[in-house]
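Colleague: I am new to this structure and would like to be taken through it. Could we look at it together, one region at a time?

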Amino acid sequence: MELPAAFVENMKKILGEEELGAYLESYKKPRYMGLRVNTSKISVEEFDRISPFRSLRRVPWISNGYYYTEEDAPTKHPYYYAGLYYIQEPSAMTPASVLPVEEGERVLDLCAAPGGKATELAAKLNHTGFLVANDASASRTKALLKNLEVFGMPNILITSAMGDQLDAHFHEFFDKILIDAPCSGEGMFRKQSHMIPAWEKQGPGVFAKMQREILDQAAALLKPGGMMLYSTCTFSELENEGSVDAFLNKHPDFHLADLPLHEGFCPGNPKLVGSAFPLEKCIRLFPHKIDGEGHFLALLTKDGEALLDRLTRRKRMTKLPPELSEFLKDVKLPFDPAGIQILNTKVFWIPEGIGRCPGLRTLRTGLYLGELLKKRFEPSQAFAMVLKKEDYASVVDLPASDSRVLRYLKGETLELEAGESSRPEGWQLVCVDGYPLGWGKLIRGTLRNKYFFGWRMNA
């Protein structure tokens, strides 16, 4: 691979001539592929016990991260469709891992698509508080929604807006914010060489300007006392230390917080941008130091103490439609049913604290439960994914080795033997090894497939 001369010269400035050779040598290594366990559905210990992948090894600095090899093919296994893990490059797991999200908090992922970091933030919340997952590109939010629904996340608001538009609704609102900012992508050159021409055309300067605007917007959205994680997948000092330095100069109410150090992690370098701030508290990941492509991280804290504010209170429905009430009798809801709202024929569960946001482009508010049709309720795919096996009265639980699992994921009708379902007729929560995949409707031994068409496995 031929790297741009200007890029190589800048890497020599960052690393020094002696270390530059080791960095360039890393381009000869195969790229590292990773998966991250969804700890809101399965513990790391249980995943280790049931994992069918023989070549997995742990990512040393990510408690729920693993390396895998191509022969593992984790995206073809039913556990992937059950939302037990997310495919993510190991370095890219780091930002959401080190942002100290606590249950019950309000969290914003400002540049969230396609959802790698958002899914981990939501898993940390563990169905408490709520996550606003935003991306300025409306088309990219469709993949974001799917990934959060596969992961079984009910407490979400998915938006497509700029930071200043969010500020009209969420000024100093969030406890934690993650900004994995658009960048020149120098850390991706090793596995995506097609990005090099774009770098030569635009360069870091265009992105640095964009990043500083995003940081300014995010500052207004963070509560006093809150924390904000800024990250990129580039090596440019202009986009990394330079953007952090510019932000701190403009926002004296922010300061850098310490990040955990692991073997192979490198501190930021204030000298690269002539900064008086302690930018060594930032973290740099390089592909010749760790088994990963590279990343930059800075954790910022906003001074002050947040005032206690009132949550948006939900209006409890006085009476649910009978067909919905009948279906919900068989469900142990893992959330307060007081949040159920009906919009035309669509039924949603809305998390506490999320109100209407007029003028804000939203793709999903809360959990889509399903649709009220003529004299019946049709549960959604997202509803199935948020449940556990024990949350529904009738279950079809098949082992991953059963060929009917793949047939189900392809949308085929299945034949069941007596005793393979909890009830002989009606709606069934279809599971693989105890983990929900979707719905089916059993009629005289035949399971009609209700797996969402848009998610089906290619034949």
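Modeller: Let us begin with a term: helices (H or I, at least four residues) and strands (E, at least two) are DSSP runs, numbered from the N terminus. Please also keep in mind that this is a predicted model.

Colleague: Understood. Where does His-127 lie, then?

Modeller: His-127 lies in the loop between H6 and S6. Its phi is near 65 degrees, which is a positive value in a residue other than glycine. With a relative accessible area of 25%, His-127 is partly exposed.

Colleague: And what is the phi of Asn-126?

Modeller: Asn-126 has a phi near 55 degrees, again a positive value in a residue other than glycine. This residue is found in the loop between H6 and strand S6 (130-134). Asn-126 is partly exposed, at a relative accessible area of 34%.

Colleague: Which strands does helix H6 lie across?

Modeller: Helix H6, residues 116-125, lies across strand S1 (33-37) and S4, and runs at about 25 degrees to S1.

Colleague: What is the order of the strands in that open sheet?

Modeller: The open sheet has four strands in the order S2-S3-S1-S4, and their pairing is antiparallel. Strand S2 (57-58) and strand S4 (85-87) stand at the edges with a single partner strand each, so one side of each has no neighbour in the sheet. S2 pairs with strand S3 (residues 65-68) over two bridges, in the antiparallel sense. Arg-58 stands opposite Tyr-66 in S3.

Colleague: Which residues does the cis peptide bond join?

Modeller: The cis peptide bond joins Ala-113 and Pro-114, with omega at about 5 degrees. Pro-114 has its place in the loop between strand S5 (106-109) and H6.

Colleague: Changing topic to cysteines: how many disulfides are there?

Modeller: The count comes to zero disulfides, where a disulfide is a pair of cysteine sulfur atoms within 2.5 Å. For Cys-111, the closest cysteine sulfur is in Cys-183, 10 Å away, which is too far for a bond. For Cys-266, the closest is in Cys-282, at 13 Å, also too far for a bond.

Colleague: Are Cys-111 and Cys-266 buried or exposed?

Modeller: Cys-111 counts as buried, at 17% relative accessibility. Cys-266 is buried as well, with a relative accessible area of 14%. The cut-off for buried is under 20%.

Colleague: What about Lys-176, buried or exposed?

Modeller: Lys-176 is buried, with a relative accessible area of 6%. Its place is in strand S8 (residues 174-180).

Colleague: Which residues is Lys-176 in contact with?

Modeller: Leaving aside neighbours within four places in sequence, the contacts of Lys-176 include Glu-105, Arg-106, Leu-222 and Met-227. Lys-176 and Glu-105 are 71 residues apart along the chain, and their C-alpha atoms are separated by 7.6 Å.

Colleague: Now the helices. At what angle do H8 and H9 pack?

Modeller: Helix H8 (residues 163-170) packs against H9 at an angle of about 5 degrees, and their axes are 9 Å apart. That makes H8 roughly parallel to H9. On the H8 side the contact is made by Gly-163, Asp-164, Leu-166, Asp-167 and Phe-170, and on the H9 side by Gln-217, Ala-220 and Leu-221. These residues divide into four nonpolar, two polar and two charged.

Colleague: How many residues of helix H10 are buried?

Modeller: Seven of the 10 residues of helix H10 (residues 241-250) are buried, so this helix is largely enclosed by the rest of the structure. Among the buried residues are Val-244, Phe-247 and Leu-248. What covers them includes helix H9 (196-221), strand S9 (222-232) and strand S13 (295-302).

Colleague: Lastly, how many bridges join strand S21 to S22?

Modeller: Seven bridges join strand S21 (residues 426-432) to S22, and the two run antiparallel. The bridge partner of Val-432 in S22 is Tyr-435. Their hairpin has two residues between the strands, and Asp-433 there takes a positive phi near 50 degrees.

Colleague: And how many bridges join S22 to S23?

Modeller: Four bridges join S22 to strand S23 (residues 446-449), and these strands run antiparallel. Gly-440 stands opposite Asn-449 in S23. In the hairpin of S22 and S23, with two residues between the strands, Arg-444 takes a positive phi near 50 degrees. Seven of the nine residues of S22 (residues 435-443) are buried, so this strand is largely enclosed by the rest of the structure.

How values were computed:
Residues are numbered from 1 along each chain as its sequence is written. This is a predicted model: local features need pLDDT of at least 70, side-chain atom pairs count only at pLDDT 80 or more; totals for chains, interfaces and linings use all residues. Side-chain values use heavy atoms; hydrogens and water are left out. Buried means under 20% relative accessible area, exposed over 50%, partly exposed in between (1.4 Å probe, protein chains only). Two strands pair if DSSP finds at least two bridges between them. Contact means heavy atoms within 4.5 Å. Axes are lines fitted to C-alpha atoms, for helices over the stretch in contact, and angles run from 0 to 180 degrees between N-to-C directions. Angles under 35 degrees count as roughly parallel, over 145 as roughly antiparallel, 65 to 115 as roughly perpendicular and the rest as oblique. Ala, Val, Leu, Ile, Met, Phe, Trp, Tyr, Cys and Pro count as nonpolar, Asp, Glu, Lys and Arg as charged, and the others, Gly among them, as polar.
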